[in-house]
Each structure stands twice: as structure tokens, then as C-alpha cells.
Amino acid sequence: MSQPVPPFTPPPLIVGAWQLSEGHHANGPAGAEALDEFLEVIAYGVTTFDCADIYTGVEELLGEVRRRTHQRMGSEVGRALRFHTKLVPDRSALAHVDRGYVERIVDRSLTRLGVERLDLVQLAWWDYEVPGVEQVAGWLDEQRRAGKIEHVGATNFDVPHLERIVAADVPLVAHQVQYSPLDRRPERGMTAWAEAQDVRLLCYGTLAGGFLTDAWLGRPDPAAGGLAAARALPNRSLTKYRLVIEELGGWDAFQSILDLLRRVADRHGATLAQVALKWVLDRAESASVIVGMSRPHRIRECQGALTLRTRAEDWMELEALLQELGTLTGDCFGLEREADSPHARIMRYDLNRVE
């Protein structure tokens, strides 16, 4: 029996768990420490977490978080939790993805998270030159209609390919996309399309891996040696977003953005991170911001963005600077698809390896 699509109402702030995946970096919390920190942010009122099938070890970790929440905080708190995951076929396997492949990944995520139904599964597709994305999205929707998934979304698409998926009668409710003052590519049609289609934008990279915080204001460039130095940064987020900064005009241009964000923060008694998040929420009415799982007090700080009462005048100087600097070229995730770009060379395309 076909499953009707219920309303999709994510909270304005979602906690992402890419930072805890194996291979992101070796110094994050692990084991009992990570579980306790997740429980602490849940006690702060966080209900929704973002992960993916290719974030090694993360679906299992969040499954344990869910179980511990039920045990320690009660079933009412546990039932309120939502876990968004993704279906990311390996680039080398795109041409061979079939209905069985989709079902195996969905079943594996169900097992890892320890749930009977996945709250949201977001489809990714590395290479538009490989046909079949609409059919794969349809097979994912079959899993929804079978009751294994509540909502279907997408991640890192451009508008034309999202339109093709919607034209194939796949009821997309969300699209996850990189969006911040450093990366305004969604403004080239994505924000308007999402609003018109009633598709929620789930925005990651909103703090640029931590670069859009007070910690980097006035600091020297950690990658002054270019791409090689960027690759040597402590984790993959810093490498990724230092490359974004370079596209925007380099470290001096980035410091100018931080200076203006700090001025807005001073007017509101806020932190730089809070106003960076609020900038995204003010720009896209249908957006939620995704912040990476960090120490609980950092998540608590980010929650403060939701109560800021900013006005259009707060952003005038910043908007003028951003217009002068421009933004990354192309459509959403376009640079990351260009095989010869530095953004693509740091990607890992084959992490699923579904047998």
C-alpha cells in the first residue's frame, strides 16, 4: 500500500555528525565520551541529527545514542529524535545501481540506526554524465511507499536535476546544500526553486568547518603555503573550507568578512558563529542550518542564533562586501564535480562498497 507523504517540519537547527566519521580526523570524541556528549546536547533540546551511509561508524553511533536516550531520558524524549541519513552510491558503481542495491542500503541503514522506519533519506549522485538518477530516486521512493522511509530528499544537486526528479513523481521534501556567507551558490536559483516547490533547504557548511567563528578572527592563515598546506590541516572540514576561502579571494578577504560579522555580533551581544548562522536563516525562509557535532557548549552557543532579532540593516555592509567579492563559480556543488579542481581532488567517491 502506498504511504502518503506526511508534513516535513525539521527544526531550524540540526546537528551533523560528519566530524565523527572514521577518516575525518583522529582527535574527536569516541566511545562513551561521544555518547555522553550526544546525550548532553539532547538535554539542551536538540532533536534532529544528520548523517550518511558513507560516514563510517556514524549510523551505528547514532543508533546507540537513540537506545541510550530511551534508557536514560525516557521513551517520550527518545520518540522525539529524528535521524536524517543519505544514500550515496559509489561513483564507480553509479552505472550499476539497481533496485536491489537501493534496498540493501536502506535496510543496512535501518539496522545500523536500530529503527523500523528512516526519517529522511537524501539521495546523492556524483556524476551527471552517468544516467539513471531519476530511476534511482524512484526506487528510493518505492522504499518510502513500502513503509521503510518517511521522507525522501536529495543532497548536492543543481536545480535542473532536481526538476527531473520531481517530474518523475518523486515527492522530494528536502535538499541539503552548502550555504554560508562564503558560499552563496544557492542564490543562483536554488533558494527560489526550493521556496516555490515547498522543499526545505537543509544548509551545511554554515560555519565553514569552524572558520566562521571568533576563533579565526585576526588569526594568521593556517594554509599560507597553498593547496599542499591546506591538505595538511588537522581535519577534512578545514581543508575543504580553506579551499572555499581561496576561491572567494583569499585570507585577507575572509578576514574582512569576519570583521563585518563581528560588528553585527557586537550590536546584538552575540558570538560570530551565531550571526553567521542567522545570516543563512535570514536569507532563506525555508532553511534549516546544520552545525557539526562539537563539544556540547558549542552546540549550546549555536542555539543562541535562533533567538537573535536581526534586521535588514544589520547586513547592509556585509552584503556590499559580498557583492564586491563575488562567490564561488557555477551551480551548487559544481566545483566539487569538476575532476581537475582542487575541490574534487579532496573528495572520496567510493566509501559505500555495498556487496
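Reader: Which residue forms a salt bridge with Arg99?

Author: This is a predicted model, in which local features need pLDDT of at least 70, side-chain atom pairs count only at pLDDT 80 or more, and totals for chains, interfaces and linings use all residues. Residues are numbered from 1 along each chain as its sequence is written, and side-chain values use heavy atoms, with hydrogens and water left out. A salt bridge here is a side-chain nitrogen of Lys or Arg within 4 Å of a carboxyl oxygen of Asp or Glu. The closest N and O atoms of this pair are 2.8 Å apart, and the partner of Arg99 is Glu142.

Reader: How many residues apart are Arg99 and Glu142?

Author: Helices (H or I, at least four residues) and strands (E, at least two) are DSSP runs, numbered from the N terminus. Arg99 lies in helix α4 and Glu142 in helix α5, so that the pair links distant parts of the chain, with a separation of 43 residues.

Reader: Which residues are linked with Arg184 in a network of salt bridges?

Author: Arg184 counts as buried at 6% relative accessibility, and its side chain meets that of Glu187 in a salt bridge of 3.8 Å, N to O. The network links Arg184 with Glu187, Arg283 and Glu319.

Methods:
Buried means under 20% relative accessible area, exposed over 50%, partly exposed in between (1.4 Å probe, protein chains only).
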